Amino acid sequence: MEKLTLLLPKTTVEMMHLLARTEGRTIGAILQEMALDRYMQQMMSSKHSAATQFEASKAQEA
């Protein structure tokens, strides 16, 4: 595990504390989940884009 220091706006920190308290989790766990969600969205988006481009190139060939 690595340590990371973030300088965030006060409102963002307050939201993170609120999420952590209401979900009974640590801020680290919430950030990890958010990062994973974001990463997965990007991967799915890029796969969708690649599939769309592939279909478009097939259509042009026909």
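**A helix and its salt bridges**

Select residues 10-23, which form helix H1; helices here are DSSP runs (H or I, at least four residues), numbered from the N terminus. H1 has 14 residues and reaches 20 Å from its first C-alpha to its last, close to the 20 Å expected at 1.5 Å a residue; the expected span is 1.5 Å times one less than the number of residues. The model is predicted, so local features need pLDDT of at least 70 and side-chain atom pairs count only at pLDDT 80 or more, while totals for chains, interfaces and linings use all residues. Residues are numbered from 1 along each chain as its sequence is written, and side-chain values use heavy atoms, with hydrogens and water left out.

Next, select Lys10 and Glu14, both in H1 and four residues apart, about one turn of the helix. They form a salt bridge, with the closest N and O atoms 4.0 Å apart (a side-chain nitrogen of Lys or Arg within 4 Å of a carboxyl oxygen of Asp or Glu). Lys10 counts as exposed at 64% relative accessibility, and Glu14 as partly exposed at 43% (buried is under 20% relative accessible area, exposed over 50%, partly exposed in between; 1.4 Å probe, protein chains only).

Finally, select Glu23, Arg25 and Glu33, which are linked in a network of salt bridges. Arg25 meets Glu23 at 2.9 Å, N to O, and Glu33 at 2.7 Å, N to O. Arg25 is partly exposed at 31% relative accessibility, as is Glu33 at 37%. A search of the whole structure finds three salt bridges.

How values were computed:
Helix = DSSP H or I, 4+ residues; strand = E, 2+ residues; numbered from the N terminus.
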